[in-house]
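These notebook entries record how I looked up the packing of helices and strands. I begin with the terms and then turn to the elements themselves.

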Amino acid sequence: LGDKVLIHNYGHGGGGITMSWGSAELAVRELPDLADRRAAVLGCGVIGLTTARLLQARGWQVTLYARELPPDTTSNVAGGLWAPTSVFRRDGVTPAFAAQFAEALKLSHQTFSRQVGPVYGVNWRENYYLGQWPQRAQDYYYLDQWPELFPGIVELTPDQHPFPVPYALHHLSLLIEPAIFLPRLLQELQVAHG
């Protein structure tokens, strides 16, 4: 944009918390090697904050521009269950998109896994899918494609659970609490002179 490098990284398609660290990492990789290591990040939701923190970790001076700060961002009231459920239309997927999506997904999961605990508000939670018919992992795209990211996948029969339906599917997933996670990133950004 004129003499400025502009990188747009909204590409999570609605799975912002789930894809945040991975989307941010892929955007930061797009930066050319510049002598002037000052960056402006637009937005203070989960994508803006994760991008700003990754830039700082690479030695960039970051200024964040935002209309609102947490807790007044959309990310702050978003659900924080780590599950890439509705982020794209499967009929429009190209091999290049699939590879980039999988990379961003795995990068994001690795980072959140390192942040488990009260400091970032990231924890493992049990999930159950309930139904009148057998619940199978292969019926859920993300469980079928990346079972290693969802420990404890087990198909339960009626005698193996307490729910008032015949079938259940169990797995663990990361839960990110935006009301803890976002202020923590904002605090880190400011401590690092952002």
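I count two strands as paired if DSSP finds at least two bridges between them. Helices (H or I, at least four residues) and strands (E, at least two) are DSSP runs, numbered from the N terminus. The model is predicted, so local features need pLDDT of at least 70 and side-chain atom pairs count only at pLDDT 80 or more, while totals for chains, interfaces and linings use all residues. Residues are numbered from 1 along each chain as its sequence is written, and side-chain values use heavy atoms, with hydrogens and water left out.

Entry 1, the sheet. I looked up strand 4 and found that it pairs with strand 5 (residues 167–176) in the antiparallel sense over 3 bridges. V154 has H170 in strand 5 as its bridge partner. The open sheet holds 3 strands in the order 3-5-4, with antiparallel pairing. Strand 3 (122–131) and strand 4 (154–156) are the edge strands, each pairing on one side only.

Axes are lines fitted to C-alpha atoms, for helices over the stretch in contact, and angles run from 0 to 180 degrees between N-to-C directions.

At what angle do helix 1 and helix 3 pack? I read about 115° for helix 1 (residues 16–29) and helix 3 (residues 95–114), with their axes 7 Å apart. Helix 1 is therefore roughly perpendicular to helix 3 (65 to 115 degrees). Among the residues of helix 1 that meet helix 3 are W21 and L26.

Conventions
Angles under 35 degrees count as roughly parallel, over 145 as roughly antiparallel, 65 to 115 as roughly perpendicular and the rest as oblique. Contact means heavy atoms within 4.5 Å.
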